[in-house]
Amino acid sequence: MKERNKLRLGSLHRIQDLCTANAAALTAVTDYPPLKVSFDSGVTKIEIARAINEQNISNFATVKEANSLIMVETTYKYMLRGAFKASELHLPGLEKLLSIKKSNITSLKDDAIAVKCTEIKEILNTNIATLTNILPADITSIDDAIKAYKLSLYSPKEAIDNRSNYGTKAIDKLFNEVEPHKINMGRVFHSYLPADVASAFDLAAKIGKPSGRRHVSIIMKFRDADTGDPIINVTTTFTKGGLTEVRKSTKRGCIQIYTLEVGAWTATSVSEIYNTVVNTNISVGDKHTARITLKLQKKVQPDDGTTPVTTGYGNGYGTMYDSVSLEPIANGLVFLDKVAEPIETDDDGSWGNDHIPADSKTIRGSADGYANYFKNITITPDSDNEIDLPMDPIDDGPPAPDA
């Protein structure tokens with residue numbers, strides 16, 4: 001999503017927060033509830049389109065695992081709150097419906113996990129008037145987590161098609177569709193609520209201009225707990241309400257994420273080899289950078305003396321560079337046998353993928369102005385495999401003779 005649209009989405013989220021803060025006064029306005037439904041529906045469509053558009057289609061397994069964890073944790077948290085309130089109100093039937101073991105959810109198959117979380121959400125939503133510690137925003141959080149998880153169940157082809165369908169023009173159209181609801185929301189605030197609240201709406205709705213200088217919001221470093229070595233390609237999903245950012249650690253084991261919305265963020269870090277780690281309540285502010293170093297433990301291996309079964313995948317990384325000048329090559333493409341999508345090199349020529357099948361036998365490099373590079377490779381499972389790509393510049397030959 002372009003920077004301008006990120007700012008537009010931020011203004012919509014601020015309006016939603018203002019609606020929550022003034023819910024009591026607004027619900028007394030007859031025409032407000034259907035307007036709020038239309039407004040929230042428009043914002044949700046934008047968030048889903050953004051998630052599809054920015055989906056990492058090169059590593060479905062890790063994205064699905066991260067989204068599943070977020071969905072279950074979010075649903076379970078509010079389910080426990082509902083069970084607590086039902087117990088206080090002496091409603092044993094409702095309490096029983098909201099007393100499901102977490103393991104009974106996580107042990108289900110992919111589609112069934114989403115169905116179970118949806119069932120719990122519907123129970124909470126149906127009884128929201130009774131369960132006074134459950135807010136509409138809580139139901140929205142569960143719903144957003146379920147939608148994000150369902151997106152990660154797409155096949156690679158479906159994801160590519162969806163991402164194409166939700167390009168910049170499509171997202172712009174969705175913003176234009178929600179704009180009339182935003183305008184009408186402003187009319188409600190100005191005609192029914194006090195002047196100071198109406199002014200707060202104008203401030204929240206202001207989009208502003210993209211900042212020329214980016215502020216580093218979070219720096220995360222990943223290290224092997226035993227060796228201290230950097231860990232590449234740890235996929236980390238940063239979430240705050242309906243906002244989501246996904247980043248991968250570099251070959252230096254580092255993630256830097258810029259200009260996040262102020263507030264408490266959650267980071268879910270997933271690796272094929274290391275245990276998943278969830279960091280909650282990461283404080284993001286305008287004037288400081290959150291710095292986190294994670295020492296990751298490798299996934300538990302058999303303790304019966306047998307040789308652990310390999311995952312069948314390995315980490316691959318390296319640098320694409322000019323074979324003559326040795327300068328790195330940015331925006332080149334790295335093609336790996338058995339990997340569906342090519343990997344684009346970074347500004348420093350680096351590339352990486354933490355989910356390369358062990359039976360991948362070839363690597364190919366392509367870049368403008370260079371001959372294609374080809375090499376037979378051997379991928380060692382559950383290990384780092386460094387593969388550099390020296391690219392030979394194309395000789396254009398002698399200049400053409402004068403006409």
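1. Partly exposed, as the word is used in this note, describes a residue whose relative accessible area falls between the buried class, under 20%, and the exposed class, over 50%. The model under discussion is a predicted one. Aspartate 202 has a relative accessible area of 40%, and it is therefore classed as partly exposed. This aspartate belongs to helix α11, which covers residues 195–205.

2. In space, lysine 248 and aspartate 354 are 9.7 Å apart from C-alpha to C-alpha, while in sequence they are 106 residues apart.

3. Two asparagines deserve a careful look at the backbone, and asparagine 233 may be taken to begin with. Although asparagine 233 is not a glycine, its phi is positive, at about 55°. The residue is placed in the loop that runs between β1 (216–224) and β2 (235–240). With a relative accessible area of 5%, asparagine 233 counts as buried, because that value is under 20%. The C-alpha atom of asparagine 233 is separated by 10.0 Å from that of serine 269, a residue 36 positions away along the chain.

4. Asparagine 281 likewise has a positive phi of about 55° without being a glycine. Here the residue lies in a strand, namely β6, which comprises residues 277–284. Is asparagine 281 buried or exposed? Its relative accessibility is 61%, and asparagine 281 is exposed because that value is over 50%.

5. On the cysteines, the search of the whole structure returns 0 disulfides. A disulfide is a covalent bond between the sulfur atoms of two cysteines. Cysteine 117 is buried, its relative accessible area being 0%. Cysteine 254 has a relative accessible area of 18%, so it too is placed in the buried class, for which the value must be under 20%.

6. For the aromatic rings, the count comes to 1 aromatic pair.

7. How many cavities of 30 Å³ or more does the model contain? The count is 1 cavity, and the volume of the largest cavity is about 50 Å³. The residues that line the largest cavity are Arg8, Ser11, Leu12, Phe175, Val178, Glu179, Lys182 and Ile207. When these lining residues are sorted by class, 4 are nonpolar, 1 is polar and 3 are charged.

8. Which helices each supply at least two residues of the lining of the largest cavity? They are α1, spanning 3–21, and α10, spanning 168–192. Of the contributions to this lining, that of α10 is the most, at 4 residues.

Methods: Residues numbered from 1 in each chain as written. Predicted model: local features only at pLDDT ≥ 70, side-chain atom pairs only at ≥ 80, totals over all residues. Heavy atoms only, no water. Disulfide = S-S within 2.5 Å. Buried < 20%, exposed > 50% of the residue type's maximum accessible area, 1.4 Å probe, protein only. Phe/Tyr/Trp six-rings, centres within 6.5 Å; stacked < 30°, edge-to-face > 60°. 1 Å grid on protein atoms, 1.4 Å probe; cavity = no way out; pocket = protein on both sides within 12 Å on 5 of 7 lines; lining within 4 Å. Points joined across faces, edges and corners; volume = space filled by probe spheres on them. Nonpolar A, V, L, I, M, F, W, Y, C, P; charged D, E, K, R; others polar.
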